[in-house]
Structure formats: structure tokens, C-alpha cells
Amino acid sequence: MASHDFFRTKLVRPLENAKIKSETIAAQKAPYTYTPLPTQRSFRLLKLPLLQGNPITLVTAPIDSAPAYATLSYTWTSPTIGIDESLFAGTPIPQAILTPSGSKGWLFISRNLYDALNAVTRARHAKYLWADALCVNQADNTEKATQIPLMGEIYSRCERVIVWLGNDKTHVDAMLSIHRNIAAAIIKTNSLSKARDMFEANPSPDFLEQELDVKVSEKKWKAYAEFYENRRWFSRLWVIQEVALAPEVKVLCGWRTSLSWRHLATVGAFVADTVGSQMGTVANPRRVFKQLVLGHEARLLDLLRDECTVGHWKRGVREAQLREMTGARNEREMRFAWLGYLLGQARLFDATRAQDKVYGVLGMFGKVTEGELDELLVPKIEAEAEEVFGNVAWLLVRELPTLAVLSAVGDSSRRRMVGLPSWVPDYSARVPDDSLLAALGGFGRKPNASLAGSNVHHRVLRGSRLELEGVKFGCVGAVACPWEDLFGEGVKLDVLNTMLGLFIEAQLRLSTTRGPGPPGGDETVYDLVYNTLAGGHDGSTAKTKTGLHDFLLYFLLGAKLRGCDGEPAYLECMKHLDALEQRRRQQFPGNTDDRFPTNGDIDRCFAEISETDPITAGRSVDSTKWMKSLRTRIYDFKLRADHITASRRLFSSTAGYVGVGAKSLCPGDQVWLLKGASVLFVLREAEKMKDADGSTEPREYGLVGEAYIHGFMHGEILGMADGGERVERVLLV
């Protein structure tokens, strides 16, 4: 008999054999009655029995003087996907509970919690344990509202958090094997950062074998990915604060198997930052965003764990990034910058209730920043998600110098909630923080479209509408296909055509009608294309700027090797590139370092491949040495371009400038610089509204998303206002 079956037989009469419905069992066993907590600083703990089968005692203690205890981190539903679903979805299991006085009652708990309590008791991992489903009266909304803000303290004051991944051990052996091999290799390099540096020098899919002498089969990588994909715990929202705040993390797969959190985190970070991004991503139908880099989950959780060490988030790289993106100038503003960051990370995780995407980080926010919650953040269990999201969005607009929260809105096409104001982020949508604001800050580019202006900006909340001031830059003219369409199945020459065509059109317009901004000075059309796609990165790393040339060469050489060089789309691409290269030579004839590939370049590469490394039947184009080399050389450029253009598309303005904007933008949408914003925004006009006296209110707009136009991200448009451009008030609805 399995251990959990023995425990179950001793504690509860076998449900499957008895065939008794849960309602009948509930009638036979007196339900446990919770005693109200004496103070708002009190909480409950489970005192575990020494022997299996004995009841658990539920005790109350002040959080400031509680006995040593552990906390339990688990999923309320089945811990795995597609395994034992029917068993975990079945009848809840009654658990005997004792009060300190000895009276007994029964509470129904999930099978997964039952298994977790069994494992912790049997292995004697803790004497006192905190588990939310039992230690918080789930039927009392008032108690839940007071316990949620205490979560940060509950997890930070415990001895350790016990992560329960369930009894299933599928893929555990492969995971342990990868951990042993890669962890040992990292130790040989002396540090994780040094191993990352080695990859930067040789960003090859074969890096592990070439540089670290580690061989991992495709079967094991698949098992490694599925270990994470199949376990719900890694995508559960509440685990963020449970892992981030606890002094120690213990991971259990069954009561006998313990996994090292340090190995999970270190190897996860290494894989995600190096070979995970090169070997590709793994499909995950559970996520709104379709793909996830290998190793992402453990890396993210451990990153938050490091940042949540008291005081750690207020210094170093994260502090600098938050100050740049939000303009935070003091301790109070940094608190709200940190809150916005936590809300962004929470969007990557699942929550049963949409409101929990905010409530799930409040304990961590309050504990780490050591401040009281603003009235708008106090949990209201009955509040609808729209109210909760609107309150926190207005709080961030009100308290931060910049309008960073508008960047968190993302593209309007990825919103789930209907009726949410366009300026309020839909925190329920599981999307990564791929905002332009984050991407520009992440590459050392300080996004600063308007901070040169006054620090006092007009911001008024009118019901659910947000009133701001800004300067209209222009309207959207032509739009290209989304960036990710370039990398779909087959050769996407038509997509590349539309992108190159926008730059050709811009050059023709700007050569006859010059407006403010680029191209100008010593910048060539090559610089313009590169800076637009790479977010204005200066190309200071050796391979980054030439990566645009190699990227185009890789794309078109691959098309020629596949026999597509006779297609009209290929010929049109080459025509566009020839025109751009001719324009570049006219601008700076002596500059041959940064240039567009030509027909001659492609023909020479094709001839060399045909002679030295011919493609035989059944062999892929990407397997040739030339194409492998190009893939390595374009790594830095493509990494930056992917961040800037993720879920976005190129567009041209009616003035002839080319930019990167929201995927859902349309011709006729307007590009605005909003006072206090660090990036440009695309707005879509609604109908005018008039007051009863006939005066016209500010125009109403829907927020479509962010925009990047090279040369207009550092306050340049403010000069337009000085030159007579009118500052207007707008209402975001």
C-alpha cells in the first residue's frame, strides 16, 4: 500500500470504496468552526501530529511572537497537467482538525493539500506549518482582507517555505542529470557571470558542448522543458511572494525526493540567458504569449527572490532602471516604482481571480518597502477587477513623475477584459513586460521623451477618464506587417518588402521636404534603419551594428539557397536594398563599414557555399557553416531588434518619418508626446464631447500603445511646442 493510501485509510474512511458523496460525509462529520482572530496581527498555524493518522491541531498566535514554523507553497488544484486529473478533480477529502482545547471538527481540503500535509508530516519537515486553505477562514471575506496584507510578514518570518510539486516524479531524473552536469561546468568556470560572458563571446547553439564540454540530448532538453511545463506550481501567481520572501526554500517531489532550489535557480538562469534562447523556445498552450524560453520560470522567481531581500531592490541595477523608467526621485516615489515593477512580473503568472494579480503582490510590496498601504490598495474582496485595476493605475499615475503605467498597458489587441478604460493596464492578461519603455531602459538607453519639461504635469481623473496634456506629432500613414511575421513558416520576403519600402518612402519624402529631426548630421540611411529597429542603440558592441547587414544577408542568402531568388518578392527586396545602399553612398561616400548587402555579396556567399559546403538532398539550409556563422553574428542585433519590435510593427508618419508602434495601430491614428511620458504614444480619436453651455471639452482618445521614432525620444518635440505647436489637453477613455 502506498504511503499516501495508508495515511488516507487511517485518517479517513476510503472514499472510493465507500462510494459516499461529499454531502453525505459532511452530514456525518461535524464541521470545524473557526474562532475569530483576536487581533489584526494574529494568524493561525497547523500543529502537525507526530504520527500519521492523528488529527491536526489549529492554533492561534501573534505574528510578532509566533513559534518557529514553515510555510507551505502548493497549488489548490492538481499539481500536474494531464496527470491524475480525474483523481484531483474528485471529491474533497475531509481533514480532522483539533482546537487547542481538544474539540474536534472536520474541514474539506483538496487532494493536493492532503498529499502535501501527508509528506510534510511523514518526513517531519516542520512541527508548525502555515497553509492558506486551512489557516485562513476561506468563508470570511473580512478575515481574508486583513490576512492578505500580512502575507509578506508570514512568509518572511518563517524558517523556510516548503514547495510541494506533488507526488508525480516524471522527468525528475532528467532534471537532476542536467543540474549535475551544468552546475559542475559552471563551477569550473568559477562563476555564473563568467559562464555567461563565455556565451556572449560565442553565442552558438553548440556552446555547451564546444565551451563547457557538456552534452545534453534532445530528449533530456525536452524532459527539462516539460518538467516545468507540466507542473502548475511554476505558473501560479501566489508563489512569487512565497518564494521571494522566505529565508530558505525546500522543494519536494514526493516525500522522499528533495530538489535543490539553488540548482533550479542557477541552472535555470544560465539556460535562459544562454543556450535556452538559441536552441529555441517551447510551446505552451496555457500562456497567452505563445512561447517561453527554456529556464525562464526558475530564473524569474529567483531574480525576484534576490530583489526582495530587504533593501536590495533599492540599490544596484534594478534601482537605476526603475529611476530611469519612472523618474522616481525619492523614497516614496521609489516605493510606487517598485509596485509597478511587481505588477508587471505578476502578469506572467496564473490567478483564479483577476483581482489577485494586484492582491497577490501586496504582501510583498508592503513588507519589502516597509510602508503602509495606500487607501486605494487596501484589499476589498468584493471589489470587481475593473475597480481594483483602475485604482492601482490611477495611484501610479498620481504618485510617479512619469506616465510609466501607460507603457504597461501594452498593445490593445492583447487585452482580455472588455470595458476597461484604455489607459488602465489589463493585469489579468498573461503577457510579458515587453514595453518599449522596458526595452529601451534594458539596453542602457534612457527613455526621456519629455522629462526636459516641467516636473509638474496636468493629470486629472474624471470618473474613469484620464485628462492629460500633450503635443501631437503627426498621424500614422502606411504600416508594415508585424515584425514576428518575418519568422513564420516559409520565406517571408513579402513581409521584408513592406518594411524596406517604408524606409525608401521616408527617404524620398525627407529629401524634398525636411522637417525637424533625422536623418541629419552625420547619420546615414543605414544608421536610420539600424537605430529604428534597435531602439537607437549606439552599436558600441563590435557585432551589434554590423548585425543589420548580416541579418539581411542571412535572410536573403537563405532565400536564394532555397531557390526563391527568381520570385518577384525576392527581386523587389534586392531592388529596395540597392536603392538604400545607393542613398547611403551618396550621403557618405567614404564610409564602407556599415552598409546594406548587395546582389554581389549574396552571389559570392552562394558560390562559396556551393563549392565548399553544398546542400545535398534532405539537408537543411541552416546546417551549412556559412549560415551557422551568420546566425552567431546576428545574435546581438536580433536580440535588440526583437525587444524593440516585439508585438509591434513598423509604420511611417504622414511627415515621412519611420517608427515602431503598437501592433494594432492603423492608418489615421495619431502619434502624441504626452507631458510626463518617457516614450511616444499612439492615440485613436473618439467623438468630441460638448458641455451643456456649448464649450468643447478636450478630445477623447483611446490609447492604442507606445511608439518609437528615432530622433524624437529625448525631448526634441518639446522644441516644436516652443516653435508654435499647440499643447492640448486630451481625455483618455
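# Questions on a predicted model

Trainee: Which residues does Ser 664 touch, not counting residues up to four places away in sequence?
Mentor: Contact means that heavy atoms lie within 4.5 Å. With residues up to four places away in sequence not counted, the residues that Ser 664 touches are Asp 411, Ser 412, Ser 413, Asp 669, Arg 684 and Val 704.

Trainee: What kind of model is this?
Mentor: Residues are numbered from 1 along each chain as its sequence is written, and side-chain values use heavy atoms, with hydrogens and water left out. Local features need pLDDT of at least 70, side-chain atom pairs count only at pLDDT 80 or more, and totals for chains, interfaces and linings use all residues, since this is a predicted model.

Trainee: Is Ser 664 buried or exposed?
Mentor: Ser 664 lies in the loop between β15 (658-662) and β16 (670-674); helices (H or I, at least four residues) and strands (E, at least two) are DSSP runs, numbered from the N terminus. Buried means under 20% relative accessible area, exposed over 50%, and partly exposed in between, with a 1.4 Å probe and protein chains only. Because its relative accessible area is 18%, Ser 664 is buried.

Trainee: How many helices and strands does the protein have?
Mentor: The protein has 733 residues, of which 56% count as buried. Its secondary structure comes to 30 helices and 19 strands.

Trainee: Which members of the largest nonpolar core touch the most other members?
Mentor: In soluble globular proteins, nonpolar side chains tend to be buried together. A nonpolar core is a set of buried Ala, Val, Leu, Ile, Met, Phe, Trp, Tyr and Cys residues joined through side-chain atoms within 4.5 Å. Of the 154 residues in the largest one, those that touch the most other members are Leu 46, Leu 72, Trp 130, Ile 182, Leu 339, Leu 406 and Leu 674.

Trainee: What does Leu 406 touch, not counting residues up to four places away in sequence?
Mentor: Leu 406 is found in helix α21 (residues 404-407), and it counts as buried because its relative accessibility is 2%. Its C-alpha atom is separated by 8.6 Å from that of Ala 393, 13 residues apart along the chain. Not counting residues up to four places away, Leu 406 touches Trp 423, Leu 468, Leu 674, Phe 681, Leu 703 and Leu 732.

Trainee: What is the volume of the largest cavity?
Mentor: On a 1 Å grid over the protein atoms alone, a cavity is a set of points where a 1.4 Å probe fits but cannot get out; a pocket is an open set with protein on both sides within 12 Å along at least five of seven lines, and lining residues have an atom within 4 Å of a point. Grid points are joined across faces, edges and corners, and a volume is the space filled by probe spheres set on the points. The count comes to 5 cavities of 30 Å³ or more. For the largest cavity, the volume is about 90 Å³.

Trainee: Which element gives the most to the lining of the largest cavity?
Mentor: That lining has 12 nonpolar residues, no polar and no charged, where Ala, Val, Leu, Ile, Met, Phe, Trp, Tyr, Cys and Pro count as nonpolar, Asp, Glu, Lys and Arg as charged, and the others, Gly among them, as polar. Among the lining residues are Trp 483, Met 499 and Phe 551. With 4 residues, the element that gives the most is α23.

Trainee: Which residues lie nearest the centre of the second largest pocket?
Mentor: The second largest pocket has a volume of about 740 Å³. By class, its lining has 8 nonpolar, 7 polar and 8 charged residues. Of the 23 lining residues, those nearest the centre are Trp 76, Arg 236, Trp 238, Thr 352 and Asp 356.

Trainee: What is the phi of Arg 124?
Mentor: Most residues other than glycine have a negative phi. Arg 124, in the loop between α5 (111-123) and β6 (128-130), is exposed because its relative accessible area is 60%. Although Arg 124 is not a glycine, its phi is positive, at about 55°.
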